[in-house]
Amino acid sequence: MTKMAPELPIEVDAETGVWTTDALPMLYVPRHFFVNNHVAVEEALGADAYAEILYQAGYKSAWHWCEKEAAMHGLEGEDVFEHYMKRLSQRGWGLFITEHIDLAEGTCRVRLEHSAFVYQLGKVGRKVEYMFTGWFAGAMDQILEARGSQLRTVAEQTQSAAEQGCEVGYFVTVPRDNRDQG
């Protein structure tokens, strides 16, 4: 394994110890700590209930992040989405690769390699990265809103490397049905 220094800007306040990246406060915790907490909450609430909570929270957070980063770096459209995928990848969640994006249609497909969840949990026979799902719809919808589009999306994980016979994860984002728009 080749090692390198982090590619994202990390600043630590000498007085408070607060870490920031791209002007946002960050937490630096071991992967096992985060995943163990994630699994404990999943076991307490049930995977479906927890997935819905994380979808909504992730959607809101991705919208906020993309809005702030687009303004900070003067980005728009697909460049915002690619910047988001790059930063997620640089933070250790996994390697997020945009295989397809079409803002006019409200669609994208993201491949996930080297998932932090799969590294920690292994081949458990189910999709384990559902925490990320709302991130894609939130990012897409913020970008669409900034372009003046009324189109809104929904995302789902279609495959995980934690499933037997799968080496990578996939997420797809598509337009919401008319019944979901109201």
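Predicted model: local features only at pLDDT ≥ 70, side-chain atom pairs only at ≥ 80, totals over all residues.
Local features were taken at pLDDT of at least 70 and side-chain atom pairs at pLDDT 80 or more, while totals for chains, interfaces and linings use all residues. Residues are numbered from 1 along each chain as its sequence is written, and side-chain values use heavy atoms, without hydrogens or water.

Helices and strands are DSSP runs, numbered from the N terminus (helices H or I, at least four residues; strands E, at least two). Helix H5 covers residues 133–146. Its 14 residues reach 21 Å from first to last C-alpha, close to the expected 20 Å. The expected span is 1.5 Å times one less than the number of residues. Of the 14 residues of H5, 12 are buried, so the helix is largely enclosed by the rest of the structure. Buried means under 20% relative accessible area, exposed over 50%, and partly exposed in between (1.4 Å probe, protein chains only). Among the buried residues are Trp 135, Phe 136, Met 140 and Asp 141. Their cover includes helices H2 (47–73) and H3 (78–90), and strands S4 (95–102) and S6 (153–159). Just after H5, Gly 148 takes a positive phi of about 85°.

Helix H2 has 27 residues and should span 39 Å; its end C-alpha atoms lie 37 Å apart, which agrees. Its buried residues include Tyr 50, Tyr 59, Trp 65 and Glu 69. They pack against strand S3 (24–26), helix H1 (31–45), H3, H5 and S6.

Thr 98 belongs to strand S4. Thr 98 is buried, at 19% relative accessible area. Its side chain makes a polar contact of 2.8 Å with that of Glu 82. A polar contact is a pair of N or O atoms within 3.5 Å; within protein, one must be able to donate a hydrogen and the other to accept it, and residues adjacent in sequence count only if both atoms are side-chain atoms.

The whole structure holds 14 aromatic pairs. Rings of Phe, Tyr and Trp (its six-membered ring) pair if their centres lie within 6.5 Å; planes under 30 degrees apart count as stacked, over 60 as edge-to-face and the rest as tilted. Tyr 50 and Tyr 130 are edge-to-face, at 6.3 Å and 80°. This pair links helix H2 to the loop between H4 (116–121) and H5, 80 residues apart. Tyr 130 is buried, at 10% relative accessible area. Phe 117 and Phe 132 also pair edge-to-face, with centres 5.6 Å apart and planes at 65°.

How values were computed:
Contact = heavy atoms within 4.5 Å.
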